[in-house]
Amino acid sequence: MMVEVCQVVLDYDEAQTLYAAGQFLQAKNIFDTIPEFGDSKDMSFICDCVLTFDEAVDKIDSRLFSAAESMLKRLQKDINSSSINVSEVLPPDEISYYLGVSYFEQDLFYSAYQEFKKSTGFLDAASKAGKCEQPFKSEEIYINPDYTRNSVKLTLYAPEDGTENICVKIYEKSGELVSVCLIENDEKVKIYLPSGTYYYKISYGHKWYGEEEGFGNSFERVTFSDGTDTFKLSSSYYYWMNF
């Protein structure tokens with residue numbers, strides 16, 4: 001029995017030495033063999049977090065951004081739900097920084113901005129946060145190629161109070177996205193659509209984070225609910241809409 005206890009102590013000391021040397025996989029493998037001794041189970045968890053983080057960063061280096069995002073989000077969740085302190089070896093701002101990078105490279109600029117703000121002070125996080133806001137100008141940024149029979153002219157007007165920019169998404173009544181327009185405050189955009197029945201969604205904001213995430217957490221109003229809010233376009237007329 002004494003021999004077994006001594007071997008456990010020796011194994012634990014070896015694992016701690018490997019951990020201190022940054023050899024986390026080897027250290028974890030030993031900690032896993034003695035889970036009931038001391039803080040071995042906690043140390044194994046810390047090693048596993050570091051290994052997951054390192055693998056996620058490797059995926060970013062390999063431009064596998066979606067895979068890195070999934071790993072880092074799961075890592076954040078695991079750490080936040082645990083009572084084990086991982087911050088000394090893996091600071092939370094470092095995880096947020098690389099999660100921000102994975103978002104940014106997928107054009108998820110608002111999500112990236114939020115993570116970079118959490119990691120301000122780490123590397124160039126502040127600079128990267130500033131690059132998340134995207135240029136905004138009045139234009140149609142998407143037209144469904146199946147709706148290019150441009151027989152009807154439609155002019156879209158932003159609010160006259162000039163306080164916010166807007167993004168208007170126009171859908172065919174079945175739900176298919178037809179057009180996406182950006183309109184600066186107090187300006188207008190002219191587009192052309194085929195005759196038909198449509199509805200739209202509109203969002204408002206000051207800072208634009210790209211087509212994927214729009215104005216971030218700003219309010220979006222859906223005008224179509226039970227079919228009564230649809231609008232019809234006919235080639236016999238010229239149309240305009242004020243928002």
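Are Y97 and Y98 buried or exposed? Both Y97 and Y98 are buried, where buried means under 20% relative accessible area, exposed means over 50%, and partly exposed lies in between, with a 1.4 Å probe and protein chains only.

Before I go on, please keep in mind that this is a predicted model, in which local features need pLDDT of at least 70 and side-chain atom pairs count only at pLDDT 80 or more, while totals for chains, interfaces and linings use all residues. Residues are numbered from 1 along each chain as its sequence is written, and side-chain values use heavy atoms, with hydrogens and water left out.

Let me stay with the rings. Rings of Phe, Tyr and Trp (its six-membered ring) pair if their centres lie within 6.5 Å, and planes under 30 degrees apart count as stacked, over 60 as edge-to-face and the rest as tilted. The structure holds 21 aromatic pairs. The rings of Y97 and Y98 have centres 5.1 Å apart and planes at 85 degrees, so this pair is edge-to-face. Y237 and Y239 also form an edge-to-face pair, at 6.2 Å centre to centre and 65 degrees between the planes, and here Y237 is exposed, with a relative accessible area of 57%. Ring pairs also link F53, Y97, Y98, F116 and F122 into a cluster.

F116 takes us to helix α6, residues 109-118, whose buried residues are F109, Y110, S111, A112, E115 and F116. Helices (H or I, at least four residues) and strands (E, at least two) are DSSP runs, numbered from the N terminus. What covers those buried residues of α6 includes α4 (65-80), α5 (92-104) and α7 (125-130).

Now to a sheet. Three strands form an open sheet in the order β5-β2-β9, with mixed pairing, and two strands pair if DSSP finds at least two bridges between them. β5 (188-193) and β9 (239-242) stand at the edges, each with a single partner strand, so one side of each is left without a neighbour in the sheet. Strand β2 (residues 152-157) and β9 run parallel and are joined by 4 bridges; in β9, N242 is the bridge partner of Y157.

Finally, the whole protein, which has 7 helices and 9 strands. Its radius of gyration, taken over C-alpha atoms, is 27 Å, well over the 18 Å that the globule rule (2.2 Å times the number of residues to the power 0.38) gives for 243 residues, so the protein is more spread out than a compact globule. Along its principal axes, the C-alpha trace spans about 95 × 35 × 30 Å.

Note on methods. Contact = heavy atoms within 4.5 Å.
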